[in-house]
Amino acid sequence: MQFKAAQLTDIHIGACRNITKGSLDYLPRHREILWSWLDAIVREGCDFALVAGDVFEGASTTVEEFLLAYEFFTELGKRMPAVVSPGNHDLLSHGVFQTDRLKRLNIRNVTFTGAEPESVLVHRR
């Protein structure tokens, strides 16, 4: 049996914050990009998605950026199973990642892993 996987890497939500200092003007554009990726991987008929690190730009993630990530992963989970691993930009402190916060929200059909390798079973819908 063959599976088709999508891999997203280095999403970096919040990367454009410095361009629009003091403003959230960058967020609609970032959302538009995320949703265009989502539409593309659905259109390609992918069975599941792997998101490999750097979900966020850094440890100073705003509430609005975190909500955008939550919204994106919730929508991704509605469309297909997904596995998300943290990257170095997701690190808050030694061994603690921002993706751990997303994991606590129990987003349906999305598995957030830790920094250590682990096995994840993905169920097709």
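Thr99 lies in helix α3, where helices (H or I, at least four residues) and strands (E, at least two) are DSSP runs numbered from the N terminus. The model is predicted: local features need pLDDT of at least 70, side-chain atom pairs count only at pLDDT 80 or more, and totals for chains, interfaces and linings use all residues. Residues are numbered from 1 along each chain as its sequence is written, and side-chain values use heavy atoms, with hydrogens and water left out.

**Exercise 1.** Determine whether Thr99 is buried or exposed, and list what Thr99 touches.

*Solution.* 
Step 1. Buried means under 20% relative accessible area, exposed over 50%, and partly exposed in between (1.4 Å probe, protein chains only).
Step 2. The relative accessible area of Thr99 is 0%, so Thr99 is buried.
Step 3. Contact means heavy atoms within 4.5 Å. Leaving aside residues up to four places away in sequence, Thr99 touches Val55, Val84, Pro86, Asp90 and Phe112.
Step 4. Gln98 is also found in helix α3 (residues 98-103). Its relative accessibility is 2%, so Gln98 counts as buried.

**Exercise 2.** Describe the largest nonpolar core and state which elements give two or more residues to this core.

*Solution.* 
Step 1. A nonpolar core is a set of buried Ala, Val, Leu, Ile, Met, Phe, Trp, Tyr and Cys residues joined through side-chain atoms within 4.5 Å.
Step 2. The largest such core has 28 residues, and Phe72, Phe73 and Leu76 have the most contacts inside it.
Step 3. Two or more residues come from each of β1 (5-9), α1 (26-43), β2 (48-52), α2 (63-79), β3 (82-85) and β6 (110-112).
Step 4. Beyond four places away in sequence, Leu76 touches Leu38, Ile41, Ala49, Val51 and Ala82.

**Exercise 3.** Explain why the salt bridge of Asp39 and Arg79 ties together separate parts of the sequence, and find the network that holds this pair.

*Solution.* 
Step 1. A salt bridge is a side-chain nitrogen of Lys or Arg within 4 Å of a carboxyl oxygen of Asp or Glu. The structure holds six.
Step 2. In the bridge of Asp39 with Arg79, the closest N and O atoms are 3.7 Å apart. Asp39 lies in helix α1 and Arg79 in helix α2, so the pair ties together parts that are 40 residues apart in sequence.
Step 3. Arg79 also meets Glu75 in a salt bridge (3.0 Å, N to O). Both residues lie in helix α2, four residues apart, about one turn of the helix.
Step 4. Through shared partners, salt bridges join Asp39, Glu75, Lys78 and Arg79 into one network.
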